[in-house]
Amino acid sequence: MNYIHMIIVAPPGSWQNMIRRNLDVHHSVKVVGIAQGSLSALQMAREHHPDLLLIDSSIPLDDSVALIQSMKQENPETRSIVITDTTQQR
């Protein structure tokens, strides 16, 4: 089976746990790491070469943008999704 290898980038807490629980029921998704910030996410991405980064918008915007830009340079096939819960952040 081909998995979508994913890294979740979110601060610890209920939101991070909820994302993980929801993804655990999808057998085509394999969470290869959970990072609390952009630097740890980049280190994990270099090790695991994920297909997808799922980024919580509560990570500082500059860090999120820098993470996405770094990933585009190092592994252009990796996609990024930023989750937000407010219209202002969009």
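This is a predicted model: local features need pLDDT of at least 70, side-chain atom pairs count only at pLDDT 80 or more; totals for chains, interfaces and linings use all residues.
## Helix α3

Ser64, Leu67 and Met71 are the buried residues here, where buried means under 20% relative accessible area and exposed over 50%, with a 1.4 Å probe and protein chains only. They fall within an arc of 60° seen down the axis, so they line one face of α3; the arc is taken from the directions from helix axis to C-beta atoms. An α-helix has 3.6 residues a turn, so residues three or four places apart point the same way. Turned away from the buried side of α3 are the exposed Leu61, Asp62 and Gln73. The cover over its buried residues includes β1 (4–9), α2 (38–48) and β3 (52–56), with contact meaning heavy atoms within 4.5 Å.

## Helix α1

Over in α1 (residues 14–24), Gln16, Ile19 and Leu23 are buried. They span an arc of only 65° around the axis, which puts them on the same side of α1. Ser14 and Arg21 are exposed on the other side. Among the elements covering the buried residues of α1 are β2 (29–35) and β4 (79–83).

## A charge over a ring

Lys30 has its charged end over the ring of Tyr3, 5.8 Å from the centre. The rule asks for NZ of Lys or CZ of Arg within 6 Å of the ring centre and within 35 degrees of the ring normal.

## Ground rules

Residues are numbered from 1 along each chain as its sequence is written. Local features need pLDDT of at least 70 and side-chain atom pairs 80 or more, while totals for chains, interfaces and linings use all residues, and side-chain values use heavy atoms, leaving out hydrogens and water.

How values were computed: Helices (H or I, at least four residues) and strands (E, at least two) are DSSP runs, numbered from the N terminus.
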